[in-house]
Amino acid sequence: MNKRFWLTNVLLETGFSYNDNGINGTNTDIYNLLIEGGKIIDIQKGKLEKIDTEAIDAKGLLALPSFVDKHIHLDKGFYGGPWTASTPFISVFERIKEEEEFLPKFLDFTTERAESLLELITMSGVTHARVQCNVDPIIGLKNVERVRAALESYKDKLTYELVAFPQHGLLRSNSVPLMKEAMKNGVNLVGGLDPATIDNDIEASLNAMMDIAIEYNSDVDIHLHDGGKLGMYTIKRLTELVEEAKWQGRVTISHAYCMGDSTLKEVEDIAERLSELNISIATTVPINIQAPPIPLLYKKGVKVHVINDNINDHWSPFGTGDLLQRASRMAERFDWIDEYSLTRALGFITDGKVPLDSQGKQAWPKVGDEANIVLLEASCSAEAIARRSKRNAVMFKGKILLGNF
C-alpha cells in the first residue's frame, strides 16, 4: 500500500448548477490524483504535462468516497453455503430458540461464510465495517474468534470494528460476564438488545450495558426493535444515561422501529435530544415495517447510517450487500427525488462524506485523505444513487481491489 502512482482522468464533482428553482444539476471536471502510502498526496486538474511515475487511467469514471457499513452480521449466515430460505417469522424469541439449536453446528462454517460476505460487500464498495458478533452462553466467544479470523484475512481490503452483541439477551442469558470477557479480548463496542421485551427490565438492562461500556471505555451499539411508546421510552432513558455518563458521540441506536410508528411530534422531540448528545441511528430502511423518519432526523441534525444488517441468514433470505442500493431505496422511500437530496443520500453510506457540502463547495477528496475510492459509471453522485450505478473499481488505501477501467 506504499505504492506511488497517478490516478488520471478522474471525474470529480466541482459544484452545483442552478436555475430559477434552485439546484438543478451537478458540475464536474476531470482531475488527477497522486496516491502514495495509501493516501491522496496531490490533486491536479486537467491534463498532466509531465508524468514521472506510474499512471492508471480512470477513463472518466466518477470517483466517490468508499462506503462504510455501520451494522452487519457475519457470523450466522447461509450466504457462501447452500441456498437456504428462512422459516416464517413468529417472534424474536422463536428466532433465538433457532439459534440455540444451530449455532454450535455453524462453527465449522463461520469463518468461511464470513469471508464470503466480506468479499460481497468489499466488491460493492465497502472499506469499513462495524461487525455485530454473537456473544452468548451457547457459543461463548467462539463466533468472535472465527469472525475475527475472517476479518484479519481481509485486512488489506477493509478496516473493521467488532461489537459484542448479546443476541440472547444481556440479562436474560446472563451474558454480562461473557460480554466483559469479550471486551478484555479486544472487542471494540458493547452491544445491547431490547431491554424491555428481551431482558424484561429496561432500567437494569440499560444500566448493565452502560456499566460495561464505561468500565472498558467503549462505544455502544444497541439493537432496539421494540415499537411505539415502549421503544420511545427506552430511547428517552438511554439519552439520560448517556448524558449522565458523558458518553456523547459514542452511542448508536440500531433499527429504532419505534420512531416509525410514533407521531412526528414525538420523534421531533426525541430527535432534538439525540442531536444534542450526538447519538446516531442505524437503519436498513425496511419496507415491510415502519422505518424511522429519516428526513426529519436529518433535518434535526441526527446522524443516520443506512446499513446492510443481515444478508441471507435465518432471520431473512434477502440482501445483496450493496449499500448503494440501500441508499437508493432510502431516497425512493422518502421521495428524495431532486438533485440536492440525492447527493445528500450518499452521506448515509459513507459516514457523512460527500463530494460537495451543503453550499456546493468541494468537500471530498482533499489532499491527505486516505485513498478509499469507488469509481462508477455515473455523471454525478445523484445519478449514482438514483440508478444504482455499476462499480468499475474499488480502492482501499491506494490498493485496487476491483478494477475494470
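This is a predicted model: local features need pLDDT of at least 70, side-chain atom pairs count only at pLDDT 80 or more; totals for chains, interfaces and linings use all residues.
At 23% relative accessibility, aspartate 219 counts as partly exposed (buried means under 20% relative accessible area, exposed over 50%, and partly exposed in between, with a 1.4 Å probe and protein chains only). Residues are numbered from 1 along each chain as its sequence is written, and side-chain values use heavy atoms, with hydrogens and water left out.

**View A. Aspartate 219 pairs with arginine 250.** The two form a salt bridge (a side-chain nitrogen of Lys or Arg within 4 Å of a carboxyl oxygen of Asp or Glu), and their closest N and O atoms are 2.5 Å apart. Here distant parts of the chain are linked: aspartate 219 sits in strand β10, and arginine 250 in the loop between α6 (228-245) and β11 (251-255), 31 residues apart. Helices (H or I, at least four residues) and strands (E, at least two) are DSSP runs, numbered from the N terminus. Arginine 250, at 22% relative accessibility, is partly exposed.

**View B. Arginine 130 meets aspartate 221.** In this salt bridge the closest N and O atoms are 3.2 Å apart. Arginine 130 belongs to strand β7 (residues 126-134) and aspartate 221 to strand β10 (residues 219-224), so the pair ties together parts that are 91 residues apart in sequence. Both arginine 130 and aspartate 221 are buried. They also take part in a network of salt bridges with Lys70 and Glu161.

**View C. Aspartate 322 forms a salt bridge with arginine 391.** Look for the closest N and O atoms, 2.7 Å apart. Aspartate 322 is in the loop between β13 (304-306) and α9 (323-333), and arginine 391 is in strand β15 (residues 391-396), 69 residues away in the chain. Both partners are buried. Across the whole structure, a search finds 28 salt bridges.

**View D. Aspartate 309 and asparagine 312 lie in the loop between β13 and α9.** Aspartate 309 has a positive phi, near 65 degrees, though it is a residue other than glycine. Asparagine 312, not a glycine either, has a positive phi of about 45 degrees. Aspartate 309 is buried, with a relative accessible area of 10%, and asparagine 312 is buried at 7%.

**View E. Tryptophan 364 and proline 365 are joined by a cis peptide bond.** Omega is about 0 degrees here. You will find proline 365 in the loop between α10 (339-345) and β14 (373-376).
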